[in-house]
Amino acid sequence: MFTLNILGENDAVVKTYTTSKIKYGLIEDMVILSKELEGKNEFQQFSLMKPLLKNMFTGITDEELRNVDFLEVLAVIKNLMNVATNGFSDGKN
């Protein structure tokens, strides 16, 4: 499960977006993104991830993304990249 909490005043969670589905189009976007990230600095790389997050969490807005804990965003991206890299193996293969 992937989760992003939207924070409000005093860092209280005012809204939560979750998804447990990783759509094929999102994996396609990850492949394209991985090529676009090459040669970019960290700031440029981070800004390229916003469309990916907006595709993953349907309905999330730019303003809401501005109010998400940075470490939470990194965890979502890291977990997504892990799934994309290692596949969906259940460990029995």
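Predicted model: local features only at pLDDT ≥ 70, side-chain atom pairs only at ≥ 80, totals over all residues.

Modeller: Two strands are taken to pair if DSSP finds at least two bridges between them. On that basis, strand β1 (residues 2-7) pairs with β2 in the antiparallel sense, over 6 bridges. The two strands form a hairpin with 5 residues between them, and within the turn Asn10 has a positive phi of about 55°.

Thr19 belongs to strand β2, which covers residues 13-19, and the residue opposite Thr19 is Phe2. With a relative accessibility of 14%, Thr19 falls under the 20% cut-off and therefore counts as buried. The Thr19 side chain comes to 3.2 Å from the backbone nitrogen of Lys21. Beyond the neighbours within four places in sequence, Thr19 has contacts with Met1, Phe2, Met56 and Phe57.

Elsewhere in the model, the largest pocket holds about 290 Å³ of space. Two or more lining residues come from each of α2 (42-48), α3 (50-56), α4 (62-65) and α5 (70-86). The biggest share is that of α2, which gives 3 residues. Among the residues of the lining are Phe43, Phe46, Met49, Leu53, Asp62, Arg66 and Phe70. Sorted by class, the lining has 8 nonpolar, 3 charged and 1 polar residues.

Definitions and conventions. Residues numbered from 1 in each chain as written. Heavy atoms only, no water. 1 Å grid on protein atoms, 1.4 Å probe; cavity = no way out; pocket = protein on both sides within 12 Å on 5 of 7 lines; lining within 4 Å. Points joined across faces, edges and corners; volume = space filled by probe spheres on them. Helix = DSSP H or I, 4+ residues; strand = E, 2+ residues; numbered from the N terminus. Nonpolar A, V, L, I, M, F, W, Y, C, P; charged D, E, K, R; others polar. Buried < 20%, exposed > 50% of the residue type's maximum accessible area, 1.4 Å probe, protein only. Polar contact = N/O pair within 3.5 Å; in protein donor to acceptor, adjacent residues only side chain to side chain. Contact = heavy atoms within 4.5 Å.
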